[in-house]
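Subject: Structure for you to look at

Hello,

Here is the structure I promised. Please open it and keep it beside this email while you read.

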Amino acid sequence: MDLITAVIILAVLGLVFGGLLGFASIKFKVDGDPIVEQIDEILPQTQCGQCGYPGCKPYAEAIANGDEINKCPPGGEAGVKALADLLGREVIPLDEERGEEKPPSVAYIREDECIGCTKCIQACPVDAILGAPKLMHTVIIDECTGCDLCVEPCPVDCIDMVELPQTISSWKWQQPDQMIPVKELEAS
Amino acid sequence: MERSSFVSEIPIYEIPGGIHPEEHKTRSNQTNIRRLPLANELVINLKGQAGNRSIPIVEVGEAVLKGQVIAECDGIFSAYQHAPTSGTIIAIEKRTIAHPSGLDDLCIVLKPDGDDQWCELTSSSNIEEMDREAVLAQIFEKGVVGLGGASFPSHIKLKQHEGVHTLIINAAECEPYITCDDKLLQEHAKEVLLGAEIISKLYQDINIVIGIEDNKPQAIDAIQQARKELELSNIKLGVVPTKYPSGGEKQLIQLLTGKEVPHGKLPADLGLIMHNVGTCYAIHLALTEGKPLVERLVTLTGDNCKEPGNYWIPFGTPVDHLIKATQSDTPKRLIMGGPMMGYELPHAHVGIVKATNCIIMSADGELGMDQTALPCIRCGACMDACPASLLPQQLYWHAQADEFDKAEEYDLFDCIECGACAYVCPSHIPLVQHYRYAKSTIRNNRVEKLKAEKARERYEARQERLERVKREKAERHRKAAEARKKAAEEAGKKDAKKAAVQAALARVQAKKKAQQSDESAADKNQSDDNHSEGNN
């Protein structure tokens, strides 16, 4: 008798908890992969495609599916480190084939030479170029991510990548030297 | 230094930490306030206040009169700039500005004509009759910013008036070397008190407290005297013991009220508002005489300064002119601000700004900044010295290791960068520099994060748009095809017989064509065969 009671109690408990879990899995279902969102947060959103994917989100998805974390030059070493921290992977050096870490820059159109072909407008991943067919185009500096993608399609080569100059608002204090002072002793 | 025996009229509370560095104040507060000859050119920094850069409204070559507006506000969080003297605008260009970075920024360069002629001043006839908005507007238009050091636009600080019950006038001036507030009170206590009165009129039922350190006995006497003459018995004097940094906003509030401004809150949330004595003086001038803020009292001091003292100096006066005019030796180190919180200038051709309260022309070894940093020995002296009750040692470790989120957990942003920790550090670690590095990196990272966020939004919006365009195009094609089909069907229904006849005709034609093509195919096959034979 005791045996049957125990079995029944366990079975009922199993059913109740199973039901609860089943309910929770439907009610609190997470849409999409949260890890992809977190990886996407870390990526610099230049949308440059240097990683071989058509944008930062696709690369984030690829990383979540096991791709290497060192394919993003604009994110730099700091980006690799942040990704490694998030995913519990080893910190590896940047993949040199993908390009190197460059100082922040923006595209600049030499407006006299622009023929108004709209090719750069179509290439810009963040709609940061303004213009219309046969009319001059220009870059909205504040929106440009410096991805380089507009330089290649330009038939008259009138787009330059210009390094952003340091301003009072972008300036930051330098870290004080942390070198252990070295004293040179005279040879005896 | 001499201490005042005056007993504070309000109870004084304690602050944690603090240090007692050598004061070096007697060097510059023994002489009366003086003026120096005008410089050959004034370099007026358009970002001379907290907030947005002012927008120049004059052109190169234009003649201006003293007090004329030369740059307008960019939004509310900015300030007007006025010509500090009469003369000609000779350039609007990038020059080195008074900033720790030593970078260039947009400046208006004015060549004085020597007449120092004021423009027409619009003074208000009766302050009593002006309403709150009018007083604020006048303060705004006269370019008044906080002269204590942060240059925060005064009209913004004065805007909030709900629940404010105490106005604190900051005359503590706790930093070594600096004596400009002290001298201002000694010689212009009346004007300062009248300025405080004007501010107090903006609020209902407000108490006025002047917070001052006891190392300024003459200034305390001057305030008492002025208070008696002006019959302003509502103004209370809070005399605090001399200790650095009792003049910090939060520290002085704690000393005078016993309350701590909570993390992430403003003094106004406690019903308090604080203004510097210099600001009160400027507000008084702006309202009674209509004079805009075009000059300020600056302490010139340091071992290499041959005529130390306090001088009225028009904004934009280059520091090298000050060195020359006081016949001083070339300073070893040129510090703008005090020895604790000031910063080194990259060279002397930098115009003074609204925040410049002191220039230290130091001699070799005077400031003791050259000591090599040694490893931290975990003595905890910095913790005892911190007036904000932080853990400087922990902040240092985390800032050094770039662990910014941890540094933030230890309330890095509550650090007022007073330098007390670095002062007591037996290993001479430049602690404040580490904190500044961490703070500015965190701020930059935040900006970058925001920018990335925006880029992501734009990218996603674009992707969505491209999808939509594709979908719409497909939809259009589908619809057009359907319409064609329908039209054909309808045409077919209407004239079924005709269609049948046409279909029959078409069949016949098709047959004929097929026959023809069969024949030609046969011909072709034949010729192909011939070819292949020939090849063989």
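Two residues are in contact if their C-beta atoms, placed from the backbone, lie within 7 Å. You will need that below. This is a predicted model: local features need pLDDT of at least 70, side-chain atom pairs count only at pLDDT 80 or more, and totals for chains, interfaces and linings use all residues. Residues are numbered from 1 along each chain as its sequence is written, while chains are lettered from A and ligands numbered from 1 in the order in which they are written.

An unreviewed UniProt entry annotates Cys48(A), Cys51(A), Cys56(A) and Cys72(A) as "binding site". UniProt positions follow the numbering used here, feature names are shortened, and annotations may be inferred rather than shown by experiment.

Cys48(A) sits in the loop between helix 2 (34–42) and helix 3 (56–64) of chain A. Helices (H or I, at least four residues) and strands (E, at least two) are DSSP runs, numbered from the N terminus. Not counting residues up to four places away in sequence, Cys48(A) touches Pro74(A), Cys147(A), Asp148(A) and Leu149(A).

Is Cys48(A) buried or exposed? It has 20 C-beta neighbours inside 10 Å, so Cys48(A) counts as buried. The cut-offs: buried means 20 or more other C-beta atoms within 10 Å of the residue's own, exposed means 12 or fewer, and partly exposed is in between. Cys51(A) is buried too, with 25 other C-beta atoms within 10 Å.

Now chain B. UniProt (unreviewed entry) places a "binding site" at Cys376(B), Cys379(B), Cys382(B) and Cys425(B). They span 50 residues in sequence, yet no two of their C-alpha atoms are more than 10.7 Å apart, so they gather at one spot. Cys376(B) has 17 C-beta neighbours inside 10 Å and counts as partly exposed. Cys382(B) lies in helix 8 of chain B. It has 26 such neighbours inside 10 Å and counts as buried.

Last, the two chains meet. In total, 21 residues of chain A are in contact with 21 residues of chain B. The chain A side divides into 8 nonpolar, 10 polar and 3 charged. Here Ala, Val, Leu, Ile, Met, Phe, Trp, Tyr, Cys and Pro count as nonpolar, Asp, Glu, Lys and Arg as charged, and the others, Gly among them, as polar.

Best wishes
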